[in-house]
Amino acid sequence: MADIIQLLPDAIANQIAAGEVIQRPASVVKELMENAIDAGGTHIKLIVKDAGKTLLQVIDNGCGMSETDARLSFERHATSKIRKAQDLFAIRTMGFRGEALASIAAVAQVEMRTRKANSELGVKLNIEGSEIKSQEACQCAPGTSISVRNLFFNIPARRNFLKSNSVEMRHINDEFQRIALANPDLHFSLHHNNNEVYHLPPGNLRQRIVGLFGSNANKKLVPVKEETDILKLDGYVGKPEFAKRTRGEQFLFVNKRFIKSSYLSHAVMGAYEEMLTKDTYPLYIIFLDIDPEHIDINVHPTKQEIKFDDERLVYNYLKVAIRHALGQHSITPMLDFDQDVNFGSFTPGATPTQSDRPEGSNSQSKVGGSFQPKEKSPTEKLAASNLKHWEKLYDGLGKSTAPNEEPATVNSTPLTIESQWSEQGQGNESSEKPLKSSKQPFQIHNTYIVSHIKSGFLLIDQQAAHERILYERYLDSLSKQQAISQKELFPKTIQVAPADVPVLEEMIPMVNQLGFDIQDFGNNSFVIHGVPANLNPGKDEQKLIESLIEQYKRNVDMKLGLTENIARSLAKSASIKRGQRLTPTEMQELIDKLFACQVPYKSPSGRHCFLTYELDELEKRFKV
Ligand code: ADP
Ligand code: MG
């Protein structure tokens with residue numbers, strides 16, 4: 001019988017290998033960017049068209065390649081990074097398998113331009129489906145530029161399998177963020193369809209985090225740093241009160257390599273223990289540095305998994321280190337008033353000293369400070385207990401201002417400072433009335449609400465407070481998938497900028513879940529049949545939707561999850577604005593609802609919802 005076994009032709013072998021290494025555009029991004037870093041690039045630019053389906057290009061200023069190396073680099077198992085089996089246990093480069101370029105070239109149309117700094121000319125290579133189409137000398141900057149066009153052009157099944165542009169772009173964004181975080185000393189930029197999404201000059205890790213997640217991130221960070229003989233730990237964890245409902249911002253790196261480990265992420269979550277509100281996830285960006293001898297990264301081609309010699313040791317170390325860091329930095333109390341033993345250094349009722357105050361903490365910490373916790377309640381009951389505590393705060397102020405009760409509505413005209421003055425001016429006949437209304441909340445500059453509490457007063461930012469209320473309501477509706485819609489008597493048609501059409505289309509299913517009833521009418525127009533029942537009345541739909549789209553796009557850059565993004569965007573767009581007059585009833589309702597929130601003291605984007613003014617402190621300030 002004739003022999004039937006044959007070696008596979010390279011092109012087919014490469015295509016098979018590509019199946020493992022290159023799953024989607026984001027995999028190409030990872031491989032090319034890692035190569036750029038391994039090549040010593042300090043300035044790395046990623047260009048993306050159509051979420052990578054049309055083009056992915058990485059340009060670096062690294063060491064470049066000679067003509068021969070350029071050609072060889074596309075062969076399978078061609079690598080400059082390891083030479084012998086032993087090297088596998090001392091890997092400090094990102095790549096080592098020599099599979100990436102071969103795999104990419106097997107499933108796309110690739111053009112490489114590369115030049116070593118000391119060569120006068122570079123080389124340009126075109127490869128398509130593993131086949132070299134052309135090779136010529138070219139003029140180019142020192143370093144390497146690789147463009148990958150029409151990924152999976154020769155494997156229709158895989159190409160069809162790709163997800164929508166927004167999903168693929170999210171994956172690309174993830175990879176980009178991981179690499180940018182792991183290398184804050186390098187310059188990175190990301191361009192998508194001619195927009196510069198990120199521009200990240202070299203800096204330290206904190207600056208890099210801010211560059212990626214926005215300046216808001218800065219105040220959320222608690223540094224972690226510990227070192228032992230075999231293990232070094234460095235990075236930041238998020239303050240518990242900023243924990244989000246999505247896991248988005250959680251990064252663990254081992255020797256600068258992003259890894260996924262549910263075991264180790266459990267250790268991190270364990271360190272927070274009762275500090276987190278139910279179903280919220282803190283930010284963390286943690287770098288473990290271990291002698292490569294003690295780990296095995298050779299587990300999976302995409303290398304997101306890793307094996308440690310002693311995983312339990314790493315687990316415990318991580319947990320203890322983070323707990324320690326949180327303990328040291330937990331002067332900002334959470335609003336659950338149940339300061340517990342986790343906060344080693346925090347004594348309730350004590351005024352935090354200057355030195356142990358975290359940056360960004362201010363008057364809100366007084367809220368906790370003015371309280372003596374009586375009993376411990378599980379954090380799960382946070383919302384309920386918040387309200388309970390707030391009731392205490394208002395104790396003794398008379399019925400009319402106790403939350404949860406209808407405020408006295410003697411006066412239905414909006415009560416502002418001015419009207420108080422005039423009322424007092426003529427209020428000789430009744431000593432009762434001014435007293436009563438002085439305890440009603442009132443508005444200043446149509447922007448802040450003054451609300452009396454036992455120990456002083458609160459100054460509430462009406463917009464921030466309303467955003468918080470709406471945000472929690474929307475998150476709730478989205479998780480329960482129910483909201484009440486109010487049909488418009490006359491459906492309204494709105495026009496949307498052409499570039500925003502796909503954005504709104506993407507948002508519609510969720511936005512409709514919140515009580516809107518929006519339909520795509522084609523030709524850049526949409527019909528609004530209904531709006532959420534409790535929407536701020538008198539809203540101009542066109543403006544509302546425009547603002548919603550704007551917020552949403554901004555939040556996409558911040559890489560919020562879809563639910564989080566929609567809830568935040570709509571909260572911001574539909575909220576009461578600064579400058580808007582409110583009736584006392586509306587003010588009271590706002591206050592009641594704010595303190596029924598899970599996290600009443602910050603707006604979703606991190607602004608304080610209120611500041612506390614204590615009579616004691618005011619008294620001190622008036623003394624000379
Ligand atoms: P690996 O990174 O595992 O070695 P790759 O297929 O990703 O395998 O790359 C093959 C080789 O091509 C690398 O070992 C390196 O020598 C060279 N190479 C790839 N990208 C670059 C680049 N951007 N600059 C310089 N050399 C590169
Ligand atoms: Mg590589």
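Which residue of β18 does I453 stand opposite? That one is picked up in point 5; here are my notes on the model.

1. Ground rules. This is a predicted model, where local features need pLDDT of at least 70, side-chain atom pairs count only at pLDDT 80 or more, and totals for chains, interfaces and linings use all residues. Residues are numbered from 1 along each chain as its sequence is written, chains are lettered from A and ligands numbered from 1 in the order in which they are written, and side-chain values use heavy atoms, with hydrogens and water left out.

2. The overall picture. The protein has 19 helices and 22 strands; helices (H or I, at least four residues) and strands (E, at least two) are DSSP runs, numbered from the N terminus. Of its 624 residues, 51% count as buried, where buried means under 20% relative accessible area, exposed over 50%, and partly exposed in between (1.4 Å probe, protein chains only). Among contacts with a separation of 6 or more, 70% come from residues 24 or more positions apart; contact here means heavy atoms within 4.5 Å.

3. The eight-stranded sheet. Reading across this open sheet, you get β5-β4-β3-β6-β2-β1-β7-β8, with mixed pairing (two strands pair if DSSP finds at least two bridges between them). The edges are held by β5 (131-138) and β8 (195-200), each with a single partner strand, so one side of each has no neighbour in the sheet. On average, neighbouring strands are turned by 10° against each other, direction ignored. Take β3 (residues 109-115) and β6 (residues 143-149) as one pair: they run antiparallel over seven bridges, and R115 has G143 of β6 as its bridge partner.

4. Helices around that sheet. α2 (residues 25-38) packs on the sheet and touches β1 (43-49), β2 (55-60), β6 and β7 (187-192), its direction making about 10° with that of β2. α7 lies across β7 and β8, at about 165° to β8. α7 (residues 205-213) also packs with α6 (residues 165-182) at an angle of about 160°, axes 9 Å apart. Axes are lines fitted to C-alpha atoms, for helices over the stretch in contact, and angles run from 0 to 180 degrees between N-to-C directions. The two helices are therefore roughly antiparallel (angles under 35 degrees count as roughly parallel, over 145 as roughly antiparallel, 65 to 115 as roughly perpendicular and the rest as oblique). On the α6 side the contact uses F176, Q177, A180 and L181, and on the α7 side L205, R208, I209, L212 and F213.

5. Two hairpins, and the opening question. β16 (residues 442-444) and β17 (residues 448-453) pair antiparallel over three bridges, with I444 opposite Y448. Three residues sit between these strands in the hairpin, and H445 in the turn has a positive phi of about 50°. β17 then pairs antiparallel with β18 (residues 456-461) over six bridges; two residues separate the strands of that hairpin. The residue of β18 opposite I453 is G456.

6. A look at Q250. Q250 lies in β11 (residues 250-254) and is buried, with a relative accessible area of 13%. Leaving aside neighbours within four places in sequence, Q250 is in contact with F258, M269, Y281, P282 and Y284. I286 is 36 residues from Q250 in sequence, and their C-alpha atoms are 8.5 Å apart in space.
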